[in-house]
Amino acid sequence: MSAKAIREATGKDLINRLLGNGTAAAQCRFASVNPETKFSHLIAENPWLETSKLVVKPDQLIKRRGKLGLIAVNKDIGEVEQWIAERMNKDQKIGAATGKLRNFIIEPFVAHTAEEEVYVCIYSHRHADTILFHHEGGVDIGDVDAKALKFDVLVGTECTEEQVTEKLLGCVSDEAKKAMIAKFVVTLYKMYVDMYFTYLEINPLVVTADKIYVLDLAAKLDATADFLCKPHWGEIDYPPPFGRDAYPEEAYIADLDSKSGASLKLTILNKSGRVWTMVAGGGASVIYSDTICDLGASGELANYGEYSGAPSEQQTYEYAKTILSLMTQEKRPDGKVLITGGGIANFTNVAATFRGIITALREFQQRLIDHKISIFVRRAGPNYQEGLRRMREVGQTLGIPLYVFGPETHMTAICGMALGKRSIPSENCVSSETTTANFLLPNGESTSSANMAGDCQESCLMQQGDQRPNPIEISLPDVVSKVDGVEKDEKPMFSIKTKAIVWGMQNRAVQSMLDFDFVCRRADPSVVAVIYPFTGDHKQKFYWGHKEILIPVYKKMNDAMTKHPDADVLVNFASLRSAYQSTVETLEYPQIRTIAIIAEGIPENFTRKMIKLANEKNVNIIGPATVGGVKPGCFKIGNTGGMMDNILHSKLYRPGSVAYVSRSGGMSNELNNIVSKATDGVYEGVAIGGDRYPGTTFMDHIMRYQNDEKIKMIILLGEVGGVEEYEVCEAIKNKTITKPLVAWCIGTCAGMFTSEVQFGHAGSCANTNKETATAKNEALKQSGAYVPESFDSLGDIIQNVYQSLVNKGIIVPAPEVPPPTVPMDYSWARELGLIRKPASFMTSICDERGQELLYAGMPISDVLNKNVGLGGVISLLWFQRCLPSYVCKFFEMCLMVTADHGPAVSGAHNTIVCARAGKDLVSSVVSGLLTIGDRFGGALDGAARQFSEAYDSGLHPAEFVNQMRNKGQLIMGIGHRVKSINNPDQRVKIVKEFVMEFFPATPLLHYALEVEKITTSKKPNLILNVDGVIACAFVDMLNNCGSFTREEAQEYISIGAINSLFVLGRSVGFIGHYMDQKRLKQGLYRHPWDDISYVMPELNN
């Protein structure tokens, strides 16, 4: 949603801070009150409350508060407090809505006469901002649209005081006041534009001899401009419409949405309702709500919401968990239903999103049973077969009714099933559609399978008791090929020779376009270049059928345009923050005739400026907030049409006779499906986008369709909000449109809600009755369009119109031609489970693929919450198990005592020399690590092996010492250059005492200490050193902690696990030495000559 209403207090705060200087406007003084407000604190913060007469009113987006008796004027603070107390948290009925009053605003009472009240309003529309002014304001102003003077300020222009005076202030007789008002209005309008307001009404605006007072205010901000305006706005509280409470769950989903590139929406309509929805897609979510209300369940509809834009598994889990937690708060004796529906996705991996939903269902299993919840699922799109399979599997274990359907079932059929209005088909009648794997076959499916599908559908219909729609008599006008004044040879928007440049590194979308080109039998790819400013110029590899091709990627747009002058379409995948700049830059190149803007959430002022510039340059803009468009057999934009299986299933590889234009991108795929079943297929389809101001309108595309001889009928899928459909009505009435047009506007449910609901698309909100879907459907029907009774019967009326055209010979269906074989990408085939291959790597310690990182099966959240420490992480990643706490503590002690031993040892010395030579951190540390071996640090493994072999073979310590002496070998872990029996190593002492106290058994350590007694009797520095004590203790841990078998313990010793403690610990010290040398700014090291003994060979003369 873009335009969001704000509280009056918020609006006045913005005016106080952001209205420019030089006006006569008085500072707005106000104090806000909510249920937590303490009046003693409020008065202390606003002393004027005790010294002024006051006005008090609710601040909850309530219109006509004066008419409703919800304003108290000329009161003192005591009376105000009593007035608020009488109404706080009390139910108030306003129209059809009933809600509790919880927020109030208190202001100083401004004494004035009725003659000093005026009316000012600014609102935005497609091409201009309109300023309304009436010289009489206040409660009784009446119909301002009829009374007020209007001044349209075109997008991209400014208004002046002279213009305001001339256009609006003719009825203001006082010249001084006229100048004050003109200055105020001009300054107010500048703030309106700069701060991205979409609506601002002040009634009354009191104009005295020397001051202007803003008394009553209503305003809306473009919330999508938050990334631009937040430093000026501050934190904005957007309250819910009156009659609907704000729920923490709504705020939680809104927060998830703000942090995600996907779209997540939730509005709670009736927390006690029986019917809950969890729908994929902005357009589809509206249609499901429409259907539920059409079936008489508007009073039971609990929520409106949608998830779309390829949310992650974790995001859908959080979304589903929130819905299920709300559903299971109140029990109903008749149970509840959850409708998990959606259209045919373009690029969302259905199986991936379903994984998150399934996780939430399993988590809530018992609560779902307790609340008698039934679930109905209908979904299609990429990998939908796997998603539906998993959903059916979990349905068998949940213990609740769960019904699953795919694209063979009409999108909204599950609503009737859930509400008991339609019988539920058996499981074997819902899986007749072509599977994903079949798109590898040239003809998609065999005749026998098609016949089986038809038979199955017949039996399903018979079982449901549903009647096929009776053919209705369609009265068709004479079809014309073009309109007077339009050249017949006008160049089409897309053709089989269309060349496109893609802005953004969207490899999947580009490959999808190339696969579509190939299946349409194009001679060459439609994508000729990619623009990506964040890398240097290079070439990117893609597939053209079976072979690989290279497509150039350019850092600068000018290079792409110059080297590819035949490209006339730009597909813009830039983010909402950069889409405007990249589009404006594109418009500088006359070769570009069409720009598709995919991003959702572009500020409306940006969009209106783009529209103006595009109109000046005669460029078509599709979007923003669109998936794009498709011309079967020729060209498609980005991810339009979905995966190849859906393209083949909907027969988008060859042209049909039907063209459509839709607001919703997600619903365009559903239209492809409906049209392919009801007619000979799609000729062209465009989703103009769900924003309030789409770059091109319905009429722009319908007129193209009207003038194309190959298009025989047109479909319009509009929605609640905006008035563009009325242009179509007029065009039908005056015969500008003569081809049969089937139309339906979604959002008919809006009139059944007691409070305003903002649907998924930014533009789908009716500000007047004329903008409601019901009013538009009726107007379209009266004008002569073919309008169904509901979306449920849209396919039927399309089929009837088409069949009438066939019967009249206007459409002659062409024989079906099988498409060429298109190979499936390896990664996608693997995702679908169609292939298998040996893995190149195997791992058993870490998995980053799921909802969160796993260490040996333990979620990272548990690793942190259970405070396992660094020792616990070592036990998980090195040994694949949670070891006892004393073992983890032992690991940490070993790391601490081995971290460093001064700069003189070989490893530290090497690190220092490298650091002083200017090498980087990794190179310097690695040079130190490479010195670790038998002579330095590597004695741990050797000590463990030697002591273990001696102990296991039953050698007495003295025999072991003698044997090693006879072999001429050093005993690893024995001896120290500095420490001795008389000057013991404290590190050894600490580790030894800890091990003796906490380890269950230490036989090898005791054996080593007996060896030490023998060696120190010969020489006092032949002590058990830190390597030896750690090695022996480590072996005792492996053998006696109870977590390892004897074979596992021996394997860890043999693979060098013990030495890993020294390597990890000493790395800490090496890093310290590196940082120390850099910090001390030490220069290149050169070893002094006097520390080198030069021994040169003597030459015999």
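Helices (H or I, at least four residues) and strands (E, at least two) are DSSP runs that are numbered from the N terminus, and the stops below use those numbers. The model is predicted, so to speak of local features requires pLDDT of at least 70 and side-chain atom pairs count only at pLDDT 80 or more, while totals for chains, interfaces and linings use all residues. Residues are numbered from 1 along each chain as its sequence is written, and side-chain values use heavy atoms, with hydrogens and water left out.

**The whole chain**

Begin with everything shown: the protein has 39 helices and 35 strands, and its C-alpha atoms fill a box of roughly 115 × 90 × 85 Å along the principal axes. Of the 1101 residues, 54% count as buried, where buried means under 20% relative accessible area, exposed over 50%, and partly exposed in between, with a 1.4 Å probe and protein chains only. Taking contact as heavy atoms within 4.5 Å, 74% of the contacts between residues at least 6 apart in sequence join residues at least 24 apart.

**Two annotated stretches**

Select residues 2–233 next, which an unreviewed UniProt entry annotates as "domain: ATP-citrate synthase ATP-grasp"; UniProt positions are given in the numbering used here, feature names are shortened, and annotations may be inferred rather than shown by experiment. This stretch is 31% helix and 30% strand, and its end C-alpha atoms are 15 Å apart. Then select residues 244–420, listed by UniProt (unreviewed entry) as "domain: ATP-citrate synthase citrate-binding", where the chain is 45% helix and 17% strand and the end C-alpha atoms are 28 Å apart.

**Backbone details**

Most residues other than glycine have a negative phi, and most peptide bonds are trans. With that in mind, go to Leu61, in the loop between strand 3 (54–58) and strand 4 (72–75), which has a positive phi of about 60 degrees although it is not a glycine; at 28% relative accessibility, Leu61 counts as partly exposed. Asn383, in the loop between strand 18 (373–378) and helix 14 (384–398), also has a positive phi of about 60 degrees without being a glycine, but Asn383 is buried, with a relative accessible area of 2%.

For the peptide bonds, select Asn203 and Pro204, which are joined by a cis bond with omega near 5 degrees; Pro204 lies in strand 11 (residues 197–207). The bond from Gly623 to Pro624 is cis as well, with omega near 0 degrees, and Pro624 sits in the loop between strand 26 (620–622) and strand 27 (629–631).

**Inside the protein**

A nonpolar core is a set of buried Ala, Val, Leu, Ile, Met, Phe, Trp, Tyr and Cys residues joined through side-chain atoms within 4.5 Å. In the largest such core, of 108 residues, those that touch the most other members are Val728, Ile737, Leu741, Val742, Leu780 and Phe791. Centre the view on Val742, whose contacts, leaving aside neighbours within four places in sequence, include Met713, Leu716, Tyr786 and Val801. Apart from this core lies another, of 73 residues, among them Ile131, Met191, Ala560 and Ala614.

Finish at Phe573, in the loop between strand 24 (569–572) and helix 19 (579–586), which is buried with a relative accessible area of 16%. Not counting residues up to four places away in sequence, Phe573 touches several residues, including Val502, Trp503, Ile598 and Asn639.
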